[in-house]
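Please open the model in your viewer and keep the sequence panel beside it. The stops below are meant to be selected in order, with a short account of what is found at each.

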Amino acid sequence: MGVLIKRYRGAVPYLLLAPGILWLIVFYAYPALQILIASFWSGTLETGFTFSLSNWTTYTDALDRYQGQLLRSILYAGSASILTFLIAYPLAYTIAFRGGRYKNLLLFMIVAPFFTSFLLRTISWKIILGDTGILLGPLKDFGLLGEDFRVLATPVAVISGITYNFLPFMTLPIYVSIEKIDRRLVEAAQDLYAGPWRPGGTIAGLLIGGGLAGVLAYAFGWDHIGMIAAGAIAGTVIGTLFVSQSFLRVTLPLSLPGVFAGSLLVMIPAMGDYVNASLLGNPSTNMIGNVIQSRFLTNNDYPTASALSFMLMAMILVAVAIYGRILGTENLTSTRGL
Amino acid sequence: MTDQTSPIDRLAVSRRRFLQGTGLVGVSAFLAACGTSGTATQAPTTAPATPAGTAPESMAPASMTPEPSPTAQPTPSDVLNFANWPLYIDTDDNDPTKHASLEAFTAQYGTKVNYSEVINDNEEFFGTIKAPLQAGQDTGWDIVTLTQWMAARLVRLGWLEEFDKSVMPNYVANLEDAYVAPDFDPDNKYHAPWQGGMTGLGYDRKKTGDLTSVAALWDKKWAGQITYLTEMRDSVGLTLLKLGDDPAQVTDAQFADAIAEMKKAVDAGIVRQFTGNSYAEDLVSGDVVLAMAWSGDIIQKQLERASLRFTVPDEGALLWYDNLLIPKGAAHKYTAELYINFYYQPSIAAEVEAWVNYICPVKGAKDEMLKIDKDLANNPLIFPPADVTARLKKFRSLSEAEESSYNDQFSNLIGV
């Protein structure tokens, strides 16, 4: 027996990895290969498809025809990531540092709505944001909004829907990384004269606030100048009053792994999402996921759908690699600074 | 949860068909001799009509097995596998798996109907039955319910069993005239309409007043509160009617004009969304005041918002209908024909109709309906009067090339 165990000890890690690897092969590698092959098909559903490498033009044609939707997907997913970050960071920070004995309850409250169906949650936004619904109805009655004002069937509704639907994916990783920060480090920093961050915080707040607001204004299709000004003012106030040196030097760097993980978890599924755009959007807010869905299911155009899926996957992989280089994946595991 | 057993049944049947298809004559003859499905005995009736080159396997047992003795009568099978859309048959209020009209069929013929609400989309369902049909195998379904353009495609591909009308006298006698001899099936030998419906104007009368013209769908007054349909034939069909063209005769140029006409409305922000059934909810909530709509939806939603109206515009409206079809190689073809014949009894059709509220394609159902529910029987959206029927147009069947080109142009319009 002992001999046997010794001889096969080397196999143990592989045996432990086997379920995961099998899973990846069956549910990732094989379908991905199928899609890659299908993207080189030509023909129709009725006559059957034939494979030929010369069909690579499907890729350039698809890119040419659907670049609008592709860029829109990046823009919307990026905007949703920014918004989820802006909402999730203060939320996670407050729960981690000030939650006290309500921590678990508060976390539960964030996650609870997500026990219901994705579709149902999105449809409920149609009710909340309805043109004469519970939110806009009273505002219109008081004359605060024009009768024609609406949120549904606009980019704002789509991005808000994505933001809402993916919020926990941003909140939880950030919470975890903030929660495990040793509070004594913050105190030590304060002891070492890490006070308010001025004028650095003011300037950073002005620029970052204005920049993010600019991106959102572009995505929403709202007035750029006004939005950038509002963002810059908000950023300045926050940067001046709330961002201290100890936050900048201790809390923020240590929570970056959470931000990194969270933004990936939001960005990646949001890029491929089509539910929000089809329920909350209009004909000019369709994302690449809507195109892929319609190419696959309505037009039976499997090659184009596959090519688009594959390009989306490749784009995300490249983006993640670059992003990992910048923010650094080693941050996820390193204990630098501890 | 009867679904749990049916796939197993289907598997067994499919394997039998497969054996026949491989030309194992002895085996198939043996199976045919002891089989209860009735395929062997029916085969002679279908064999002469089988188009050359398509699914020759259904002929194999016919040509190889001896002629059945003259006294042999086909017998109804034990089960009938019936695929339909959700909420599309009479359903018991307390038990959603109980359907009185199907139980009546079981009582009469002893056949248990495996009724499955598995069809949510024509193309999607087509995808699930395509592989076996292409391979000349049984799909596992004896009856599938699909919209006329999809029925046209299946006829074009030779993937449907031809009806033996000698066992379907009710179907021959009671099919409403509007559904007789469409372009894709001039002899009515492949399709039996299940329910029809109209695509016209659905609107909130309180907000828009009475509407009579399709042109209202281009009215800037309600910009952002109008929806069109994602179903290409419906949206384009109504637009063709607005332009004075007949959807039954549409040409490439007319189609392109219709797309351009809709693009005007999209670019002007008049069209809020292209939707499937969800426009009905939006009409109820008030976000949408006018929509390209399906008659059945509006009847049902009137219960929630009484001011909703459906109108067949002066220019006309589209008539569409879903059809009972027998896929090629179906294991229980004879029983499927019996069922279709059974459904075409006015009393049974009325029983289904009282629950479904679309347009009934069965003659005499209105008289039966009077006994069940007077209001429904007199509802012009369920039993349209002759002057309305005269204004209903059907979108003509398209060739494969036309279909893909038209779908493509329409996709561009709706932004996907």
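What kind of unit do β1(B), helix α5 (residues 100–109) of chain B and β2(B) make? Select these three elements together, and they make a right-handed β-α-β unit, where right-handed means that, with the strands pointing away from the viewer, the path from the first strand over the helix to the second runs clockwise. Helices (H or I, at least four residues) and strands (E, at least two) are DSSP runs, numbered from the N terminus.

Before going further, note that this is a predicted model, in which local features need pLDDT of at least 70, side-chain atom pairs count only at pLDDT 80 or more, and totals for chains, interfaces and linings use all residues. Residues are numbered from 1 along each chain as its sequence is written, while chains are lettered from A and ligands numbered from 1 in the order in which they are written.

A residue counts as buried if 20 or more other C-beta atoms lie within 10 Å of its own, as exposed if 12 or fewer do, and as partly exposed in between, with C-beta atoms placed from the backbone. Both faces of β1(B) are covered, with Val79(B), Asn81(B) and Ala83(B) on one side and Leu80(B) and Phe82(B) on the other.

Next, move to the loop between β1 and α5 of chain B, where Leu87(B) is found. Its phi is near 55°, a positive value in a residue other than glycine, and Leu87(B) is partly exposed, with 13 other C-beta atoms within 10 Å.

Colour chain B by domain: domain 1 covers 2–189 + 321–377 and domain 2 covers 196–316 + 391–414, bounds that come from an automatic or database domain assignment. The contact between them takes 11 residues from domain 1 of chain B and 11 from domain 2 of chain B, two residues being in contact if their C-beta atoms, placed from the backbone, lie within 7 Å.

Then look for the largest nonpolar core, which has 161 residues, those with the most contacts inside it being Ala80(A), Ile143(B), Leu325(B), Tyr339(B) and Ala349(B). Such a core is a set of buried Ala, Val, Leu, Ile, Met, Phe, Trp, Tyr and Cys residues joined through C-beta atoms within 7 Å. Domain 1 and domain 2 of chain B both give residues to this core, so it lies between them.

Centre the view on Leu325(B), which, not counting residues up to four places away in sequence, touches several residues, including Val144(B), Leu146(B), Tyr190(B) and His191(B).

**Where chain B meets chain A**

Show both chains and select the contact between them, in which 21 residues of chain B meet 19 residues of chain A. On the chain B side, α6 (122–134), β6 (271–275) and α19 (400–414) each supply at least two residues, and the largest share, 6 residues, comes from α19(B).

**Two loops in chain A**

Finish in chain A with the loop between α8 (183–191) and α9 (200–220), where Pro199(A) lies. The peptide bond from Arg198(A) to Pro199(A) is cis, with omega near 0°. In the loop between α6 (136–141) and α7 (155–179) of chain A, select Ala153(A), which has a positive phi of about 60° although it is not a glycine. With 28 C-beta neighbours inside 10 Å, Ala153(A) counts as buried.
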